[in-house]
Amino acid sequence: MNKPNGTGFGRIIKAADCSRKGFAAAWVNEAAFRQEAGLTLAAIPFAWYLAADFGHFALLMGVWLLVIIVELLNSAIEALTDRVSLERHELSGRAKDMGSAAVTSALVFVALVWAAAIWQKFS
C-alpha cells in the first residue's frame, strides 16, 4: 500500500511541512496558542536564572513545551469537532471540555514545577 506522504527521507520532509502548517494554523487561528507561545518564550530567561543546571532548565522549559503540545491537540480536537458539525451536541461539548481540562492540567503542572523552582532558589 502506497502511503500518500511517501516513504524514507521524502516522508520526513513532507511531515515537517505538515508540522509547519500546523504551527502556522495554530498561530493564526488560536489566541490561546499565541498567548502560551509568548509565555513560553518569555519564560526562557527566567528559567535560565532559576535553574541550578541544564537539566533543571530543561525541566522548566519542558513543562511549557508540554502546554504547547496539549494546546495543539486541544485545538485539533476543536477544529475537527467544528468540522463535523457546528450544532450543539453533548458529545462535541464533552470533547471540547476535556481538551480544555487537559490544557488546564498542563498549566497547573507548570505552576507546580515553577513554584518548586522559585522556592528552591529563594529559600
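## Reading salt bridges and a pocket

Asp17, Arg20 and Lys21 are linked in a network of salt bridges. The model here is a predicted one.

Me: Is Asp17 buried or partly exposed?

Reply: Asp17 has a relative accessible area of 30%, so it counts as partly exposed.

Me: How many salt bridges does a search of the whole structure find?

Reply: Four. One of them joins Arg94 to Glu90, with the closest N and O atoms 2.9 Å apart. Those two are separated by about one helical turn because they sit four residues apart in helix 4. Glu90 is exposed because its relative accessibility is 60%, while Arg94, at 38%, is partly exposed.

Me: Okay, on to pockets. How much space lies in the largest pocket?

Reply: The general idea first: rolling a probe the size of a water molecule over the atoms shows where empty space is left. In this model, the largest pocket holds about 150 Å³. The elements giving two or more residues to its lining are helix 1 (8-29) and helix 3 (54-84).

Me: Which element gives the largest share of that lining?

Reply: Helix 1, with five residues. The lining includes Phe23, Asn29, Glu30, Leu72 and Ala79. By type, the lining residues divide into six nonpolar, three polar and one charged.

Me: What can you tell me about Ala79, and where does it lie?

Reply: Ala79 lies in helix 3. With a relative accessible area of 46%, it is partly exposed. From Ala79 to Met98 is 19 residues in sequence and 14 Å in space, C-alpha to C-alpha. Met98 is in helix 4, and at 55% relative accessible area it is exposed.

Me: Last one: which residues make the nonpolar surface patch of about 330 Å²?

Reply: Phe9, Ile12 and Ile13. Ile12 belongs to helix 1, and its relative accessible area of 44% makes it partly exposed.

Methods:
Residues are numbered from 1 along each chain as its sequence is written. This is a predicted model: local features need pLDDT of at least 70, side-chain atom pairs count only at pLDDT 80 or more; totals for chains, interfaces and linings use all residues. Side-chain values use heavy atoms; hydrogens and water are left out. On a 1 Å grid over the protein atoms alone, a cavity is a set of points where a 1.4 Å probe fits but cannot get out, and a pocket is an open set with protein on both sides within 12 Å along at least five of seven lines; lining residues have an atom within 4 Å of a point. Grid points are joined across faces, edges and corners, and a volume is the space filled by probe spheres set on the points. Ala, Val, Leu, Ile, Met, Phe, Trp, Tyr, Cys and Pro count as nonpolar, Asp, Glu, Lys and Arg as charged, and the others, Gly among them, as polar. Patches are made of residues with over 30% relative accessible area and no salt bridge: like charges are joined within 9 Å, nonpolar side chains (Val, Leu, Ile, Met, Phe, Trp, Tyr) within 5 Å. Accessible areas come from the Shrake-Rupley method with a 1.4 Å probe; for residues, only the protein chains shown count as cover. A salt bridge is a side-chain nitrogen of Lys or Arg within 4 Å of a carboxyl oxygen of Asp or Glu. Buried means under 20% relative accessible area, exposed over 50%, partly exposed in between (1.4 Å probe, protein chains only).
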